[in-house]
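Let's take a friendly walk through this model together. Have the sequence and the 3D view open as you read.

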Amino acid sequence: MNAALAIFLRELRIGARRPAVWAFGLAFFLLFLMLSALVLGPDPSRLRAAAPAIVWLAAVFSILLSVQTLFSEPIEDGEQDWLMTQPVSLSAIIAARLIARWLLTAAPLAILAPAAAIAFAHDSGGLIALSLLLGSPAALGYAAAGAAAGAGAKGAGGILGPLIAGPLIAPVIIFGVGMAQSGAIFGPEARALLAASLFAAAICPAACALALRAQAD
């Protein structure tokens, strides 16, 4: 576990030294919101009705972008081979990297959600933020699994990852938007988001490790 903890802390240090690790996704999130507001127009009722879906779509696209190089860069520079020789399982190392990446990329989106809701004239910004906190681990895990599957595909890897992750993330978006619209803090949608995130936490690191080992063989 010491190796996994070291990887986790290393990922956080890299994020602190390289703002592009998290700033690109955050900038995309804000740009998506701004363009969506311009498309919807000044009608407060339209903005209010669309707010949960727009925030969730912006967050998911940002997460997809943030994980595209999570595995491809270590493969290209040889770091992936070194990770496979560590005394801790590759699944544990990937889990540590995913937790760090969630703290750097997904958690800030949830923090910004209330402000985004206010900009869209929506009065349940806290509920949107809570839905993102509950569901973004699942979205990140599924996106990472897709990125791992496409990491070794030259040229098409950037497209293959989202294509694999998309069908898995779609129910998470549906439940996240449903939770924000329902007004229930821990209704059926919230429980579904929590279950999806727990399932992703249990399955996705192993799925990523399996995909990476298959490409290395």
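## A loop residue with positive phi

Ala-121 sits in the loop between α6 and α7 (125-150). Helices here are DSSP runs of H or I with at least four residues, strands are runs of E with at least two, and both are numbered from the N terminus. The phi angle of Ala-121 is near 60°, a positive value in a residue other than glycine. With a relative accessible area of 31%, Ala-121 is partly exposed. On this scale buried means under 20% relative accessible area, exposed means over 50%, and partly exposed lies in between (1.4 Å probe, protein chains only).

Before going further, a word on the ground rules: this is a predicted model, in which local features need pLDDT of at least 70 and side-chain atom pairs count only at pLDDT 80 or more, while totals for chains, interfaces and linings use all residues. Residues are numbered from 1 along each chain as its sequence is written, and side-chain values use heavy atoms, with hydrogens and water left out.

## Who reaches the loop?

Which residues does Arg-48 contact, leaving aside its neighbours within four places in sequence? They are Phe-120, Ala-121 and His-122, where contact means heavy atoms within 4.5 Å. Arg-48 belongs to helix α3 (residues 44-66) and is partly exposed, at a relative accessible area of 37%. Between Arg-48 and Phe-120 there are 72 residues of sequence separation, yet their C-alpha atoms are 5.6 Å apart in space.

## The chain as a whole

Stepping back, the chain has nine helices and zero strands, so its pattern along the sequence reads α-α-α-α-α-α-α-α-α. Of the 217 residues, 48% are buried. Take the contacts between residues at least 6 apart in sequence: 77% of them join residues at least 24 apart.

The accessible surface of the chain comes to about 10,200 Å², and carbon and sulfur atoms account for 72% of it. Accessible areas come from the Shrake-Rupley method with a 1.4 Å probe; for residues, only the protein chains shown count as cover.

Helix α1 covers residues 2-17.

The buried residues of α1 are Ala-3, Ala-4, Ile-7, Phe-8, Glu-11, Ile-14 and Gly-15. Seen down the helix axis, the buried residues of α1 fall within an arc of 145°, so they line one face; the arc is that of the directions from the helix axis to the C-beta atoms. An α-helix has 3.6 residues a turn, so residues three or four places apart point the same way. On the face of α1 turned away from the buried side are the exposed residues Asn-2, Ala-16 and Arg-17.

How many salt bridges does the structure hold? There are three, each a side-chain nitrogen of Lys or Arg within 4 Å of a carboxyl oxygen of Asp or Glu. Arg-10, Glu-11, Arg-97 and Arg-101 are linked in a network of these salt bridges. Glu-11 pairs with Arg-10 at 3.9 Å, N to O. Glu-11 is buried at 5% relative accessibility, whereas Arg-10 is partly exposed at 29%.

Glu-11 also meets Arg-97 in a salt bridge, at 3.0 Å, N to O. This pair links distant parts of the chain, with Glu-11 in helix α1 and Arg-97 in helix α6 (residues 90-119), 86 residues apart. Both Glu-11 and Arg-97 are buried. The salt bridge between Glu-11 and Arg-101 is 3.9 Å, N to O. Arg-101 lies in helix α6 as well, so the pair ties together parts that are 90 residues apart in sequence.

Arg-101 is buried, with a relative accessible area of 8%. Leaving aside its neighbours within four places in sequence, Arg-101 is in contact with Glu-11, Val-21, Ser-66, Val-67, Leu-70, Ala-106 and Leu-140.

Leu-31, Met-34, Leu-35 and Leu-38 make a nonpolar surface patch of about 400 Å². Patches are made of residues with over 30% relative accessible area and no salt bridge, joining like charges within 9 Å and nonpolar side chains (Val, Leu, Ile, Met, Phe, Trp, Tyr) within 5 Å. Met-34 is placed in helix α2 (residues 20-40) and counts as partly exposed at 46% relative accessibility.
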